[in-house]
Amino acid sequence: RRGIRAAAASTFPFIGTDFRSTFEPRVSREQQRTMVRVRVVTPSYFQVTGTIATRGRVLTADDAGAHRMAVTDAFATSVLPDRDVIGRRVGQNLEWTVLGVTPPVRQFAVNEEAQPEAYILYEDLLELRPDMAARVMRGAYILAETTPGITATLQIVRAVVREQMPEFTIRSASPVDEIIRRGVGTN
């Protein structure tokens, strides 16, 4: 809608949920594979959050259906050490192509150590793993950057969700700075 840019994600910084997977094919039974935090996002996530690529580029709407992903520096150093990660194929069946590398994000606490993370588009997850995509959407977060103000934005977002996805409801809404304050308060 006019005046609003929105994105969706499977998690938001300082929210206590975690979805992990491995992006390394198993070579042997004894192999210890790196567990990676997976962030399922819409293409506008990077623009709305201001996340930039330090190498390569972040995902855009044009990447939907191509099974591309952006990863954090921690992913690059732990899953693909000593290799140029841009253009590398990863995943249990090598189904993902690394498009860019972003700085680490502390998702659960400001003092946590940077964890390996991967950003994938919801459309790609829906195509490859519809069962998992359905579980992810049950707890999605909508991030809205707005000019009309918080109350007007919430009314617009609720109306759009009701219109586009009548099976979903918005359980709560808060300004981002309030969510971050709650998350870092104990620290």
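Modeller: Helices (H or I, at least four residues) and strands (E, at least two) are DSSP runs, numbered from the N terminus. Take the loop between β4 (55–56) and β5, where His67 has its place. Bear in mind that this is a predicted model, in which local features need pLDDT of at least 70 and side-chain atom pairs count only at pLDDT 80 or more, while totals for chains, interfaces and linings use all residues. Residues are numbered from 1 along each chain as its sequence is written, and side-chain values use heavy atoms, with hydrogens and water left out.

Colleague: Okay, what is the phi of His67?

Modeller: His67 has a positive phi of about 55 degrees, although it isn't a glycine. His67 is also buried, with a relative accessible area of 14%; buried means under 20%, exposed over 50% and partly exposed in between (1.4 Å probe, protein chains only). Leu94 is another non-glycine with a positive phi, near 55 degrees. Leu94 sits in the loop between β6 (89–90) and β7 and counts as partly exposed, at 38% relative accessibility.

Colleague: Which residues touch the most other members of the largest nonpolar core?

Modeller: A nonpolar core is a set of buried Ala, Val, Leu, Ile, Met, Phe, Trp, Tyr and Cys residues joined through side-chain atoms within 4.5 Å. The largest one has 21 residues, and Phe23, Met69, Phe75 and Val90 touch the most other members. Elements that each supply at least two residues of this core include β3 (35–41), β5 (68–72), α2 (73–79) and α4 (130–137). For contacts (heavy atoms within 4.5 Å), look at Phe23: leaving out residues up to four places away in sequence, it touches Val36, Val38, Met69 and Trp96, among others. Apart from that core lies another, of eleven residues, including Phe46, Val48, Leu59 and Leu99.

Colleague: How do I read the salt bridges? What does Glu117 meet in one?

Modeller: A salt bridge is a side-chain nitrogen of Lys or Arg within 4 Å of a carboxyl oxygen of Asp or Glu. The whole structure has six. Glu117 meets Arg39 at 3.3 Å, N to O. Arg39 is in strand β3 and Glu117 in strand β8, so this pair ties together parts 78 residues apart in sequence. Glu117 also bridges to Arg37, with the closest N and O atoms 3.8 Å apart, and Arg37, Arg39 and Glu117 are linked in a network. Arg37 is buried at 5%, and Glu117 is buried at 0%. Elsewhere, Asp63 and Arg68 meet at 2.6 Å; Asp63 is buried, whereas Arg68 is partly exposed.

Colleague: Last one, helix α5. Which residues of α5 are buried?

Modeller: An α-helix has 3.6 residues a turn, so residues three or four places apart point the same way. In α5 the buried residues are Thr153, Val157 and Val161. They cover an arc of only 65 degrees around the axis (taken from the directions to the C-beta atoms), which puts them on the same side of α5. The face turned away from that side carries the exposed residues Thr151, Gln155 and Arg162.
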